[in-house]
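Please turn to the sequence and the structure, and I shall go through them step by step.

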Amino acid sequence: LKALGSRSAPITIEVFSDFQCPACRTTYESTLRPLIDNYVVTGKVYLVHRDFPLPMHTYSKTAARWANAAAHLGKFEKVEAVLYAKQDTWGQSGNIEAALAGVLTPAELKRARQLVESGQLDAAIDSDIALGNSKRVSQTPSLFVTHRGETTSLPSGGVTYPLLKKYLDYLLKQ
């Protein structure tokens, strides 16, 4: 599963993201990492990653396949972090496997490669894209916050952590 935290958390945040998108990397590093540490780990937020690879990014769909393969192995969180951290490297070369060699064992890499090459991961990615289209996602990152059955779309292109924190704290007091 490409999600972190408890399904029973009072708030769910869905992030439609492209691993090759610089704005997605910035949002991941400066907003989502502190969100994970302060809200996901404490059971207040259930964070769901949705793949939304954009056509102009040559390797983003392949990166999404690797992330989905990692999710099958229970390694999504580590792989997501590395895909963003090494975005400039694999974004140039297309060698995603090399970027992941530091966080997956050789056996895990082999299993992930089999999943990536099998073609069976595309259905999950296409499902995320269809969901994004139904929510009128036009750029990445796009974040949706659901609290008590109400879903709010945050300004596209990402939000700062201090702003998101204020909003979440407000919702949690409701």
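This is a predicted model: local features need pLDDT of at least 70, side-chain atom pairs count only at pLDDT 80 or more; totals for chains, interfaces and linings use all residues.

I begin with a term: a salt bridge is a side-chain nitrogen of Lys or Arg within 4 Å of a carboxyl oxygen of Asp or Glu. An example is the pair Arg 113 and Glu 97, whose side chains meet in a salt bridge at 2.6 Å, N to O. Arg 113 belongs to helix H6 and Glu 97 to helix H5, residues 96-100, so this pair ties together parts that are 16 residues apart in sequence. Arg 113 is partly exposed, at 28% relative accessibility, and Glu 97 is also partly exposed, at 21%.

The mean pLDDT of the protein chain is 95, and 100% of its residues reach 70 or more. Confidence is lowest in strand S1, residues 3-4, with a mean of 94, and highest in strand S3, residues 45-51, with 98.

How many salt bridges does a search of the whole structure find? The number is 13. Let me present two further examples.

In one of them, Arg 50 is bridged to Glu 14, and the closest N and O atoms are 2.8 Å apart. This pair links distant parts of the chain, for Arg 50 sits in strand S3 and Glu 14 in strand S2, residues 11-17, 36 residues apart. Is Glu 14 buried or exposed? With 10% relative accessibility, Glu 14 counts as buried, whereas Arg 50 is partly exposed, at 23%. Both residues also belong to a network of salt bridges, in which Lys 2, Asp 51, Asp 128 and Lys 135 are linked with Glu 14 and Arg 50.

In the other, Glu 108 pairs with Lys 75, with 3.2 Å between the closest N and O atoms. Again distant parts of the chain are linked: Glu 108 lies in helix H6, residues 106-118, and Lys 75 in the loop between H2 and H3, 33 residues apart. Glu 108 is buried, with a relative accessible area of 17%, while Lys 75 is partly exposed, with 21%.

The axes of helix H2, residues 60-72, and helix H3, residues 76-85, come within 8 Å and cross at roughly 155°. Because of that angle, H2 is roughly antiparallel to H3. Which residues meet here? From H2 there are Ala 63, Trp 66, Ala 67, Ala 70 and Ala 71, and from H3 there are Phe 76, Val 79 and Leu 83. By class, this contact has 8 nonpolar residues, with no polar and no charged ones.

Note on methods:
Residues are numbered from 1 along each chain as its sequence is written. Side-chain values use heavy atoms; hydrogens and water are left out. pLDDT is the predictor's confidence in each residue, from 0 to 100. Helices (H or I, at least four residues) and strands (E, at least two) are DSSP runs, numbered from the N terminus. Axes are lines fitted to C-alpha atoms, for helices over the stretch in contact, and angles run from 0 to 180 degrees between N-to-C directions. Angles under 35 degrees count as roughly parallel, over 145 as roughly antiparallel, 65 to 115 as roughly perpendicular and the rest as oblique. Contact means heavy atoms within 4.5 Å. Ala, Val, Leu, Ile, Met, Phe, Trp, Tyr, Cys and Pro count as nonpolar, Asp, Glu, Lys and Arg as charged, and the others, Gly among them, as polar. Buried means under 20% relative accessible area, exposed over 50%, partly exposed in between (1.4 Å probe, protein chains only).
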